[in-house]
Amino acid sequence: MFNELALSTIMALLAVSIHGFGLLGLGRGLEVYESRAGQPYVEGPLWRHALLTIVLVLGLFVIHGVEIWLYAALYKVIGAVPDLREAVYFSSISYGSIGYDDSLMAPQWRLLGAIEGVAGAILLGWSVAFFVSVMTPFTQRRKHRSDRRDVP
């Protein structure tokens, strides 16, 4: 059990670090976009907003993908699952807190998979909070525009 907890702690620290730097990178990307465009990211045509949204979502997918693959690689290296496909599958369902079945996982490593589920839920929530904070100004801008039209 000590080995599972030690590996879980290391993996959680690694995943949180990757996630934090990934979100900082996406935020920095928004700042670079604003400085090059010469205007806030919420200004401009609708197609730019759509493209920005797609880029952010893809960035979040990449961040989560890296974290899932790191857990999968660990499962394969320690022999907790029989092959890489099963490792990626198990990591994906654990990270997403779906957790269909842990019979794929060697019994002595199942706690590691459960803790990945907890870490994944927190990291997914962090991504949602980031995404909402970036997208909220778009809705506020639209609301502000419609409020101005109502004024005589």
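User: What does the protein average in pLDDT?
Analyst: This is a predicted model, in which local features need pLDDT of at least 70 and side-chain atom pairs count only at pLDDT 80 or more, while totals for chains, interfaces and linings use all residues. The protein averages a pLDDT of 87, and 90% of the residues score at least 70. Here pLDDT is the predictor's confidence in each residue, from 0 to 100.

User: Moving on, which residues have the most contacts inside the largest nonpolar core?
Analyst: They are Tyr71, Tyr75, Met105 and Trp109, in a core of 19 residues. At least two residues of this core come from each of α1 (2-37), α2 (46-77), α3 (84-95) and α4 (110-150). Helix α2 gives the most, with five residues. A nonpolar core is a set of buried Ala, Val, Leu, Ile, Met, Phe, Trp, Tyr and Cys residues joined through side-chain atoms within 4.5 Å. Buried means under 20% relative accessible area, exposed over 50%, and partly exposed in between (1.4 Å probe, protein chains only).

User: What is Trp109 in contact with?
Analyst: Leaving aside neighbours within four places in sequence, Trp109 is in contact (heavy atoms within 4.5 Å) with Asn3, Glu4, Leu7, Ile78 and Ala80.

User: Now the largest pocket: how much space lies in it?
Analyst: About 200 Å³. On a 1 Å grid over the protein atoms alone, a pocket is an open set of points where a 1.4 Å probe fits, with protein on both sides within 12 Å along at least five of seven lines; lining residues have an atom within 4 Å of a point. Grid points are joined across faces, edges and corners, and the volume is the space filled by probe spheres set on the points.

User: Which elements give two or more residues to the lining?
Analyst: Those are α2 and α4, and the largest share, six residues, comes from α2. The lining includes His64, Tyr95, Leu124 and Ser127. Its residues divide into eight nonpolar, three polar and no charged. Ala, Val, Leu, Ile, Met, Phe, Trp, Tyr, Cys and Pro count as nonpolar, Asp, Glu, Lys and Arg as charged, and the others, Gly among them, as polar.

User: Is Ser127 buried or exposed?
Analyst: Ser127, found in helix α4, is buried, with a relative accessible area of 5%. Beyond neighbours within four places in sequence, Ser127 is in contact with His19, Leu60 and His64.

User: And where is His19?
Analyst: His19 is in helix α1 and counts as buried, at 0% relative accessibility. Not counting residues up to four places away in sequence, His19 touches Ile63, His64, Glu67, Tyr95, Leu123, Trp126 and Ser127.

User: Last one: what about Trp69, buried or partly exposed?
Analyst: Trp69 lies in helix α2 and is partly exposed, with a relative accessible area of 48%. Leaving aside neighbours within four places in sequence, Trp69 is in contact with Leu84 and Val88.

Methods
Residues are numbered from 1 along each chain as its sequence is written. Side-chain values use heavy atoms; hydrogens and water are left out. Helices (H or I, at least four residues) and strands (E, at least two) are DSSP runs, numbered from the N terminus.
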